[in-house]
Amino acid sequence: MFFCSACDRSYDACHPRWRCDCGNYLLYRNGARFPLDQLGGRPGSIWRYREMLGLENGTRVSLGEGFTPLERAQLMGRDVWLKLDFMCPTGSYKDRGSSAMLSKLKEWGVPEIVEDSSGNAGASVAAYAALAGIRARIFVPQSTSAGKSAQIAMYGAELVKVPGSREETTRAARAAADAGGFYASHNWSAHFLLGMKTVAYEIAEQLQWDVPDFVVAPIGGGSLLCGAWLGFQDLAAAGAISRLPRMVAVQAANCPPVYDAWKSGLDTIPAADKKDTAAEGIAVARPIRDKLVLQSLRESNGIVATVGESCIWEMTEALGHMGVYVEPTSATAAAAAADLIATGVIAPHQSVAILLTGSGLKATDKIVAHYF
Ligand SMILES: *Cc1c(COP(=O)(O)O)cnc(C)c1O
Ligand SMILES: [Zn+2]
């Protein structure tokens with residue numbers, strides 16, 4: 001069933017729907033319990049946890065996404081965990097959500113979709129749409145990295161570059177969806193969010209059913225942070241873990257709506273004034289799922305951090321020197337973790353996992369422009 005995040009409506013999930021009639025985003029619940037005792041012999045992908053992905057029948061649009069390495073590394077002279085989620089099939093963690101969402105769209109028999117994205121979600125949705133045999137039109141801002149645009153086109157989607165801001169891209173996509181084509185937005189889809197929960201399941205399983213004290217993630221629309229938090233709660237409800245991590249949401253100082261709202265103790269997130277940032281993947285002026293973002297932070301005794309442009313680039317380079325090539329958006333999480341370690345918020349005896357979301361290969365043009 002779909003449940004509205006704002007009113008008391010609910011809907012059968014057998015029919016295509018991306019939002020409530022009242023205009024707010026939906027959440028999916030079916031009472032599934034985390035399959036703790038049934039994991040033996042299952043695939044090393046998000047489909048290991050298939051009960052949790054909200055599919056009614058056996059439809060599965062998969063490229064083997066998920067079960068990415070959780071590796072030990074040194075940051076600020078101490079051990080941290082790096083979750084190498086940029087090793088998903090299209091080079092970003094968004095494949096977790098796309099696999100679940102496109103499986104549902106295929107189950108529904110939707111023939112054509114529209115999506116808007118700063119690049120990674122668009123590339124990911126384009127890949128899984130190709131796999132599902134669904135036509136996709138992907139709207140991106142003109143400024144999107146060339147690597148991401150090329151990737152979208154190579155997957156056979158129709159690429160529409162929109163002059164102007166990320167928000168203007170959304171408006172163009174919504175207009176196209178109104179004219180025909182299902183609006184398959186990662187910022188709205190309840191199934192995309194279900195796919196994101198798997199990152200929490202994996203971290204716990206990889207740590208032999210424990211969790212780190214802190215989980216640090218970049219935040220734009222919040223699918224990753226909220227999905228991970230919901231996933232940890234599923235694990236606790238099933239008795240798979242006996243404690244919960246504190247979630248750390250990281251924004252670019254040049255686009256900090258979540259940070260501003262959290263600091264001011266608001267219940268909703270007003271649009272932020274947005275300046276250019278190298279962290280294009282999280283340059284979201286106003287997250288759609290704003291209540292869920294704030295609720296996840298409150299429930300997890302969370303922290304919101306911001307990082308400046310020079311810190312983002314320094315950490316992109318520092319990670320490279322550790323053999324880890326990520327795009328600047330992903331480096332924000334490591335930069336914030338370093339800061340929290342340096343200031344003692346993350347104490348020496350506490351463990352931390354840093355979610356590394358997108359491959360550096362995605363942002364070659366921006367990296368070249370910055371360094372060469
Ligand atoms: C989309 C994205 C994020 C985070 O986005 P959410 O909308 O908060 O899930 C983080 N890193 C990269 C590289 C991304 O593409
Ligand atoms: Zn509603």
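S117 sits in the loop between β6 (112-116) and α2 (120-132). In this predicted model, S117 is buried, with a relative accessible area of 1%. A separate topic is the zinc ion (ligand 2), which is coordinated by C4, C7, C20 and C22.

**Surroundings of S117**

- The relative accessible area of S117 is 1%, and buried means under 20%, so S117 counts as buried.
- The side chain of S117 reaches two backbone nitrogens: that of G119 at 2.6 Å, and that of G122, which lies 2.8 Å from a polar atom of the S117 side chain.
- Leaving aside residues up to four places away in sequence, S117 touches G122, F139, V140, P141, R166 and H186.

**Zinc site**

- The SG atoms of C4, C7, C20 and C22 coordinate the zinc ion (ligand 2) at 2.2 to 2.3 Å.
- Along the chain, these donors follow the spacing C-x2-C-x12-C-x1-C.
- C4 belongs to strand β1 (residues 2-4) and C20 to the loop between β2 (10-11) and β3 (26-28), so this pair ties together parts that are 16 residues apart in sequence.
- Both C4 and C20 are buried.

**Geometry at the zinc ion**

- The 4 donor atoms around the zinc ion (ligand 2) subtend angles of 106 to 119°.
- The arrangement is tetrahedral because these angles all lie between 85 and 135 degrees.
- For four tetrahedral donors at a metal, the ideal angle is 109.5 degrees.

Notes: Residues are numbered from 1 along each chain as its sequence is written. Chains are lettered from A and ligands numbered from 1 in the order in which they are written. This is a predicted model: local features need pLDDT of at least 70, side-chain atom pairs count only at pLDDT 80 or more; totals for chains, interfaces and linings use all residues. Side-chain values use heavy atoms; hydrogens and water are left out. Donors are N, O and S atoms within 2.8 Å of the metal (3.2 Å for Na, K and Ca); water is not among the atoms, so sites may look incomplete. Four donors count as tetrahedral if all angles lie between 85 and 135 degrees; four count as square planar and six as octahedral if opposite donors are over 155 degrees apart and all others between 65 and 115; anything else is irregular. Helices (H or I, at least four residues) and strands (E, at least two) are DSSP runs, numbered from the N terminus. Buried means under 20% relative accessible area, exposed over 50%, partly exposed in between (1.4 Å probe, protein chains only). A polar contact is a pair of N or O atoms within 3.5 Å; within protein, one must be able to donate a hydrogen and the other to accept it, and residues adjacent in sequence count only if both atoms are side-chain atoms. Contact means heavy atoms within 4.5 Å.
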